[in-house]
Amino acid sequence: MRVLVLGGTGEARRLAELLAGRPDTDAVVSLAGRTRAPAPLPLPTRIGGFGGAAGLAGYLRTAKVEALVDATHPFAERISANAVEAAAAAGVPLAVLARPAWAPVAGDRWTEVDDLTAAAAALGSDPRRVLLTVGRIGLAAFRAAPWHAYLVRTIDDPGDLGLPDARLLLDRPPFDADAEAGLMRRERVEVLVTKNSGGPSTYGKIEAARALGLPVVVVRPPMRGGAAVFDDPEGVVGWLDGLHSASPGPAGAERGV
Ligand code: NAP
């Protein structure tokens with residue numbers, strides 16, 4: 001069975017590890033190419049955009065893909081919308097591997113907002129020391145609040161931050177709670193800004209902020225659609241098994257099922 005996994009997440013990596021050992025599965029992982037040196041995956045990898053939903057539908061047809069898995073980040077809205085449209089256009093079944101969002105627990109001091117513009121506004125008018133962990137794309141929203149002192153953590157260098165008081169910290173997940181608390185103490189962080197990305201690999205900052213009693217501005221994840229939604233890679237493998245056993249054989253691939 002030919003499978004295309006839209007990746008760029010730890011979940012996509014775990015799914016790739018599960019699929020790599022399966023002789024009946026011919027899977028490829030697709031990355032956007034945002035991270036300059038992505039860690040190698042145990043499956044063949046293609047890198048770069050498809051050219052919108054139409055381009056992705058064309059790829060699905062040309063490569064005779066029989067199942068599409070959207071395992072992209074909860075905030076990667078465009079590719080997820082393209083996946084829904086392209087899967088429908090090409091007649092390819094689609095599964096979404098969606099991490100559950102984090103939920104606040106006792107001791108958390110969250111202000112939840114809908115987007116990065118609202119996150120910048122939620123920092124308020126008094127200058128604060130901000131740990132900004134929203135990724136490289138979208139930092140521009142914080143130019144609307146230039147009076148804060150930002151410690152900006154990203155995986156790759158975002159170039160000119162356009163913020164008068166900002167320092168860059170290049171690092172990549174996973175991050176554990178003790179190290180995050182150490183960073184927050186050392187840098188005298190007063191408020192954390194984060195997307196609600198879900199999953200364990202970046203949850204340490206939430207635990208650290210809770211332990212230190214720090215407020216957190218949390219950007220809510222956008223809504224996601226899709227035919228079959230799973231919150232773990234094993235669920236996706238079960239879904240693929242179901243498709244495989246229902247498939248009429250190689251002729252099915254020709255029909256684009
Ligand atoms: P996006 O806004 O939804 O997508 C923008 C464009 O990038 C898409 O239209 C598509 O180009 C291309 N693209 C995105 N993901 C792709 C993939 N897996 N394979 C091939 N092309 C892809 O996405 P984004 O927020 O920039 O995120 C890009 C990648 O980084 C995603 O794979 C995501 O999983 C990962 N990521 C995102 C975040 C985040 O906070 N947004 C965090 C961690 C990781 P075409 O239209 O030309 O096909």
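Contact denotes heavy atoms within 4.5 Å. The structure is a predicted model, in which local features need pLDDT of at least 70, side-chain atom pairs count only at pLDDT 80 or more, and totals for chains, interfaces and linings use all residues. Residues are numbered from 1 along each chain as its sequence is written, and side-chain values use heavy atoms, with hydrogens and water left out.

View 1. Ala209 lies in helix H6, residues 204–212; helices (H or I, at least four residues) and strands (E, at least two) are DSSP runs, numbered from the N terminus. With a relative accessibility of 1%, Ala209 counts as buried (buried: under 20% relative accessible area; exposed: over 50%; partly exposed in between; 1.4 Å probe, protein chains only). Not counting residues up to four places away in sequence, Ala209 touches Met184, Leu192, Leu214 and Val216. Its C-alpha atom is separated by 9.8 Å from that of Trp110, 99 residues apart along the chain.

**View 2. Packing of helix H2 against helix H3.** Helix H2 (residues 52–62) and helix H3 (residues 77–90) pack at an angle of about 45 degrees, and their axes are 8 Å apart. This angle makes H2 oblique to H3 (under 35 degrees is roughly parallel, over 145 roughly antiparallel, 65 to 115 roughly perpendicular and the rest oblique). Axes are lines fitted to C-alpha atoms, for helices over the stretch in contact, and angles run from 0 to 180 degrees between N-to-C directions. From H2, Gly52, Ala53, Leu56, Ala57, Leu60 and Arg61 meet Asn82, Ala83, Glu85, Ala86, Ala87, Ala89 and Ala90 of H3. By class, this contact of H2 with H3 has nine nonpolar, two polar and two charged residues (Ala, Val, Leu, Ile, Met, Phe, Trp, Tyr, Cys and Pro count as nonpolar, Asp, Glu, Lys and Arg as charged, and the others, Gly among them, as polar).

**View 3. Helix H7 and its buried residues.** Helix H7 (residues 233–246) has 14 residues and reaches 20 Å from its first C-alpha to its last, close to the 20 Å expected at 1.5 Å a residue. Its buried residues are Pro233, Gly235, Val236, Val237, Trp239 and Leu240. These pack against helix H1 (10–20) and strands E1 (2–6), E4 (67–70), E5 (94–97) and E12 (228–230).

**View 4. Packing of helix H1 against helix H7.** The two helices, H1 and H7, pack at an angle of about 45 degrees, with axes 9 Å apart. H1 and H7 are therefore oblique to each other. In H1, Glu11, Arg14, Leu15, Leu18 and Leu19 meet Pro233, Glu234, Val236, Val237 and Leu240 in H7. The contact of H1 with H7 has seven nonpolar, no polar and three charged residues.

Definitions and conventions: Expected span 1.5 Å × (residues − 1).
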